[in-house]
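Hi,

Here is the structure I promised to pass on.

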Amino acid sequence: LQGYAEADADIGQLPAVAAPVFNFSKNVVYVVSIHSPVLAERQKQSRWILTLLELVNRVSGDLGFVNYV
């Protein structure tokens, strides 16, 4: 599992990435997504994906999620 999803064209035909936020029960309670033409550039997309994963991991932790993997 990679922990995120990506789309070449989503809302407004913009590239997008999204990742789930989990709560203490390991349920998905939110999804954070980014839609931007910048994501069409692979190098920039990689940086945004890492930033997005850091964000959702921090928020998930604040909600009591513990990832034992």
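Lys44 pairs with Glu41 in a salt bridge, with 3.7 Å between the closest N and O atoms; the rule here is a side-chain nitrogen of Lys or Arg within 4 Å of a carboxyl oxygen of Asp or Glu. Lys44 is partly exposed at 33% relative accessibility, and Glu41 is also partly exposed, at 42%. (Buried means under 20% relative accessible area, exposed over 50%, and partly exposed in between, with a 1.4 Å probe and protein chains only.)

Before I go on, please keep in mind that this is a predicted model: local features need pLDDT of at least 70, side-chain atom pairs count only at pLDDT 80 or more, and totals for chains, interfaces and linings use all residues. Residues are numbered from 1 along each chain as its sequence is written, and side-chain values use heavy atoms, leaving out hydrogens and water.

The salt bridge count comes to two. The other one joins the side chains of Arg42 and Glu6, at 3.1 Å from N to O. That pair ties together distant parts of the chain, since Arg42 sits in helix 1 and Glu6 in strand 1 (residues 5–7), 36 residues apart. Helices (H or I, at least four residues) and strands (E, at least two) are DSSP runs, numbered from the N terminus. Arg42 is exposed, with a relative accessible area of 56%, whereas Glu6 is partly exposed at 37%.

Now for the inside. The largest nonpolar core is made of eight residues: Val17, Ala19, Val21, Leu39, Ile49, Leu52, Leu53 and Val56. A core here is a set of buried Ala, Val, Leu, Ile, Met, Phe, Trp, Tyr and Cys residues joined through side-chain atoms within 4.5 Å. In soluble globular proteins, nonpolar side chains tend to be buried together.

Phe22 and Phe65 have ring centres 5.1 Å apart and planes at 25 degrees, so they count as stacked. For the cut-offs, rings of Phe, Tyr and Trp (its six-membered ring) pair if their centres lie within 6.5 Å, with planes under 30 degrees apart called stacked, over 60 edge-to-face and the rest tilted. Phe22 belongs to strand 2 and Phe65 to the segment after helix 1, 43 residues apart. Phe65 is buried at 17% relative accessible area, while Phe22 is partly exposed at 24%.

Which residue touches both Phe22 and Phe65? That would be Ser60, which also contacts Pro20 and Val21, not counting residues up to four places away in sequence. Ser60 lies in helix 1 and is buried, at 1% relative accessibility.

Last, the surface. Val29, Tyr30, Leu55, Val59 and Leu63 make up a nonpolar patch with about 390 Å² of accessible area together. Strand 3 (28–35) and helix 1 each supply at least two of the patch residues. Val29, in strand 3, is partly exposed at 35%. Patches take residues with over 30% relative accessible area and no salt bridge, joining like charges within 9 Å and nonpolar side chains (Val, Leu, Ile, Met, Phe, Trp, Tyr) within 5 Å; the areas are Shrake-Rupley values with a 1.4 Å probe, and for residues only the protein chains shown count as cover.

Cheers

Terms used:
Contact = heavy atoms within 4.5 Å.
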